Amino acid sequence: MKKTKQSRRDFMALGGSLLLGLTLTACRQEEQGRKLLYDKGTYLGEADEGLSDEDRAKLRQRATFQRD
């Protein structure tokens, strides 16, 4: 009877270890290394690209049309 309890315990330990291993490696690549601590009121993301002169001119033109 002891042999059965020991083998069951070994089986449970192996299953638990496999489950733990799967849990730890289940994160997607893009989620790894992301910020987990935040500063209230501070944007910590990547900076946006600036607008080109052409895009700025188009926005000014649209704003002018909306004013009228």
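The following legends describe close-up views of a predicted model.

In this predicted model, local features need pLDDT of at least 70 and side-chain atom pairs count only at pLDDT 80 or more, while totals for chains, interfaces and linings use all residues. Residues are numbered from 1 along each chain as its sequence is written, and side-chain values use heavy atoms, with hydrogens and water left out.

**View 1. Overall form of the chain.**
The chain contains two helices and zero strands; helices (H or I, at least four residues) and strands (E, at least two) are DSSP runs, numbered from the N terminus. Its radius of gyration is 28 Å, well over the 11 Å that the globule rule gives for 68 residues, so the chain is more spread out than a compact globule. The radius is taken over C-alpha atoms, and the rule is 2.2 Å times the number of residues to the power 0.38. Along the principal axes, the C-alpha atoms fill a box of roughly 90 × 25 × 20 Å.

Of the 68 residues, 0% count as buried; buried means under 20% relative accessible area, exposed over 50%, and partly exposed in between (1.4 Å probe, protein chains only). The accessible surface comes to about 7400 Å², and carbon and sulfur atoms account for 56% of it. Areas come from the Shrake-Rupley method with a 1.4 Å probe, and for residues only the protein chains shown count as cover. There are 14 positive and 11 negative side chains, with the centres of the two sets 17 Å apart. Lys and Arg count as positive and Asp and Glu as negative, whereas His and the chain ends are not counted; each charge is placed at NZ of Lys, CZ of Arg, CG of Asp or CD of Glu.

**View 2. Salt bridge between arginine 56 and aspartate 53.**
The structure holds two salt bridges, each defined as a side-chain nitrogen of Lys or Arg within 4 Å of a carboxyl oxygen of Asp or Glu. In one of them, arginine 56 pairs with aspartate 53, the closest N and O atoms being 3.7 Å apart. Because the two residues are three residues apart in helix H2 (residues 53-67), about one helical turn separates them. Arginine 56 is partly exposed at 37% relative accessible area, whereas aspartate 53 is exposed at 64%.

**View 3. Salt bridge between glutamate 54 and lysine 58.**
The side chains of glutamate 54 and lysine 58 form a salt bridge with an N to O distance of 3.4 Å. Both residues belong to helix H2 and lie four residues apart, about one turn of the helix. Glutamate 54 is exposed, with a relative accessible area of 52%, and lysine 58 is partly exposed at 45%.

Serine 7 is located in helix H1 (residues 2-24) and is partly exposed, at 42% relative accessible area. From serine 7 to lysine 58 the C-alpha distance is 74 Å, across 51 residues in sequence. Serine 52 occupies the loop between H1 and H2 and is partly exposed at 34% relative accessibility. Its C-alpha atom is separated by 29 Å from that of glutamate 30, 22 residues apart along the chain.
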